[in-house]
Amino acid sequence: MVSPMPKPRVLVTRRIPEVGLQAIQAYAEVEVWEGEGPIPRDVLRKKVASIEGLYCLLTDVVDEEILGRAPKLRVVSTMAVGYDHIDVDACTRRKIPVGNTPGVLTETTADFAFALLMAAARRIGEAADFVKAGRWNAWDPTLFVGHDVHGATLGIIGFGRIGQAVARRTTGFGMRVVVSHSRPILDETLRQTQVEQMSFDRVVEEADFLSLHVPLTPQTEYLINQEVFHRMKPTAALINTARGRVVDSKALYAALRDRTIASAALDVTDPEPISPEDPLLTLPNCLVVPHIASASVATRTRMAVMAAENLRAGLVGEQIPHCVNPEVLRT
Ligand code: NAP
Ligand code: GLV
């Protein structure tokens, strides 16, 4: 009797939605890190020694050191669209394809960016805290007066999938949308989306709400810094659903404290998780939530399955459906 081919070994670095796990179990022998919180680095270092597939999350730094300890590794699949936690060049040098989950989280993340925008404009977090603290005595014409969303100018930095999805949401609010993008936007796209492309500086200066949608790269690290805050309107709000390190958080603290800008709403922080002692958390005009922009049941399920499909393709040597370094499989 011919014994069946052993299944490839896979490490999943956190509990993921069940359908994603079941999809992986169909083709691999799976170990899931079941501990509380992200897999500790020393555990990851040991466990990668014997695996062929790594299914990771944005909390796992996959760098030269980890890859150097994973001689059998054939694919890295992250359950995220952002892949700044992975040294893609190091993977490419080792001919390891890297998969991510673009598209399936675009609309959910854009919904959330817009929710943060509305919350910052109308001071919803502050007002809810006020009620919970038992401080609501009477209707007051001066209580939590914020800024209108309708008719305002939205500045978008990074006009990719999520940036465009956020722009689409402004139609019913009659907003003007100005964008800064890495390259010229086609006339046809400008017509369809009804946005104006401008220099970064002009977007920053004209925006009532500035929403960030760039990936974290060496070029975008601390893109939003003290100089930028001083260019912004004193009534403006910063919305960050991109990555914490796109913003200089010390400069943000100073800008919010001194009212150089009016408010900020952050889904992402630097570092993550933000320390409970972080001065940003002392500011009433700063809303911080724990990196949940893509967290709807349907979207997290789609992300889990998409990452499982990427992993499977990488293990069998097929072109990964969503690959950030497709050149690996062409050579
Ligand atoms: P995307 O489609 O690749 O869009 C990002 C766009 O930003 C790209 O078109 C890119 O252009 C452009 N860009 C890069 N550098 C720029 C710069 N300096 N100035 C202006 N534009 C620049 O990615 P996406 O799917 O929209 O996701 C964007 C990011 O959002 C992800 O990388 C991730 O970090 C973050 N995200 C966060 C959450 C969350 O839960 N908070 C959820 C999803 C995504 P080029 O292609 O020319 O480089
Ligand atoms: C979330 O932050 C993602 O990049 O998917």
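**Around the ligands**

A: A backbone N or O atom of V81 lies 2.8 Å from an oxygen atom of ligand 2. Keep in mind as we go that this is a predicted model. Next to V81 in the list of residues surrounding ligand 2 is G82, and the list also includes L58, A80, L105, R243 and H291. G82 makes its own approach through the backbone, with a polar atom there 2.8 Å from an oxygen atom of ligand 2. H291 uses its side chain instead: an N or O atom in it is 2.6 Å from an oxygen atom of the ligand.

Now let's turn to ligand 1. It has 24 residues around it, and those that come nearest are R161, I162, S182, R183 and D267. From I162, a polar backbone atom is 2.9 Å from an oxygen atom of ligand 1. The side chain of R183 has an N or O atom 2.7 Å from an oxygen atom of this ligand.

Finally, the helices. The axes of α1 (residues 18-25) and α12 (residues 297-316) come within 7 Å and cross at roughly 15°, so α1 is roughly parallel to α12. Their crossing is right-handed. On the α1 side, V19, G20, A23 and I24 take part, and they meet T301, A304, V305, A308 and L311 of α12. Seven of the residues in this contact are nonpolar, two are polar and none is charged.

Methods. Residues numbered from 1 in each chain as written. Chains lettered and ligands numbered in written order. Predicted model: local features only at pLDDT ≥ 70, side-chain atom pairs only at ≥ 80, totals over all residues. Heavy atoms only, no water. Axes fitted to C-alpha atoms, helices over the stretch in contact; angles between N-to-C directions. Helix = DSSP H or I, 4+ residues; strand = E, 2+ residues; numbered from the N terminus. Parallel < 35°, antiparallel > 145°, perpendicular 65-115°, else oblique. Left-handed = near helix turned anticlockwise from the far one by under 90°. Contact = heavy atoms within 4.5 Å. Nonpolar A, V, L, I, M, F, W, Y, C, P; charged D, E, K, R; others polar. Near = heavy atom within 4 Å. Polar contact = N/O pair within 3.5 Å; in protein donor to acceptor, adjacent residues only side chain to side chain.
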